[in-house]
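Keep the sequence and the model side by side.

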Amino acid sequence: MKLKFTKMHGLGNDFVVLDGVRQPVTLIPAQFRHLADRHFGVGCDQILLVEKASTPEVDFQYRIFNADGGEVEQCGNGARCFVHFVHDQGLTEKKEIRVKTMSGVICPRLEADGNVTVDMGLPVFVPERIPFISPTSDLVQTLRVGDEDVAITAVSMGNPHAVQVVADIDAAPIAEQGPLIESHPRFPQRVNAGFMQIAGRQAIRLRVFERGAGETLSCGTGACAAVVAGIARGLLDSPVRVSTRGGELTIAWGGFGTTVLMSGPACTVFTGEIEL
């Protein structure tokens with residue numbers, strides 16, 4: 001099978017984008033892993049699959065597969081790449097599109113300056129909907145990680161996140177704690193582990209150990225989750241500039257009952273064809 005693909009990235013969080021509208025794409029997890037392999041495949045954090053809409057209420061469907069071959073619910077950086085892809089490929093002339101994902105409908109909008117703003121929907125703090133095993137809905141909860149207790153805020157942005165505040169992002173134990181938090185038994189569907197350093201009332205530094213991908217240069221839903229957690233805890237004011245190792249995002253949230261807006265760039269790297 002030969003597949004055409006486009007390599008893209010959002011602040012270094014990189015993707016292989018597959019056009020499932022104009023070519024048939026039916027892959028098994030091993031093939032997704034091969035595509036994502038940085039030595040034997042194209043190399044990426046996630047594979048994004050663009051599909052035709054199945055209902056008239058949306059313009060496209062959007063499926064996301066992690067580097068380990070598993071399908072996941074949401075990807076913020078990928079959403080920005082998605083709207084650039086369908087526009088650049090002539091699949092739509094709309095600047096704002098409605099896209100169905102596993103976790104619901106998102107609305108990315110291509111701005112005049114080339115950046116993309118995405119309405120990421122409502123954040124979820126209810127433990128059973130994240131899902132997170134907890135007898136309470138407290139914003140700050142203690143999670144036993146290895147031989148120490150870590151204070152986290154559990155929140156879903158269409159996918160689960162565990163956000164902790166650290167004093168120094170450069171010294172944070174991402175490599176040690178990230179895998180332990182990702183597979184923690186209190187998160188039955190695993191979780192993205194976020195490490196947030198407060199740099200001011202409207203600025204944070206962030207690193208994220210992503211579920212099924214490891215630490216990435218940027219994580220859009222992770223940025224949303226971190227800002228939401230910080231605002232909910234009274235540590236931040238909207239809008240917030242999020243500095244990642246790959247670049248900066250702007251996240252705005254008006255508080256409980258309002259949706260989260262994420263703004264940032266997306267870039268096409270190259271196109272090609274691969275035989276699987």
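Start at proline 131, which sits in the loop between strand 8 (116-119) and strand 9 (141-145). Helices (H or I, at least four residues) and strands (E, at least two) are DSSP runs, numbered from the N terminus. The model is predicted: local features need pLDDT of at least 70, side-chain atom pairs count only at pLDDT 80 or more, and totals for chains, interfaces and linings use all residues. Residues are numbered from 1 along each chain as its sequence is written, and side-chain values use heavy atoms, with hydrogens and water left out.

Isoleucine 130 and proline 131 are joined by a cis peptide bond. Its omega is about -5°.

Move on to proline 239. This residue lies in the loop between helix 4 (220-232) and strand 15 (240-244). A cis peptide bond links serine 238 to proline 239, with omega about -5°.

Next comes the phi angle. Leucine 11 is not a glycine, yet its phi is positive, about 55°. Find leucine 11 in the loop between strand 1 (2-10) and strand 2 (13-19). Is leucine 11 buried or exposed? Leucine 11 counts as buried because its relative accessibility is 9%. Buried means under 20% relative accessible area, exposed over 50%, partly exposed in between (1.4 Å probe, protein chains only).

Finally, go to arginine 190. The loop between helix 3 (174-182) and strand 12 (192-200) holds arginine 190. Arginine 190 has a positive phi of about 65°, although it is not a glycine. Its relative accessibility is 31%, so arginine 190 counts as partly exposed.
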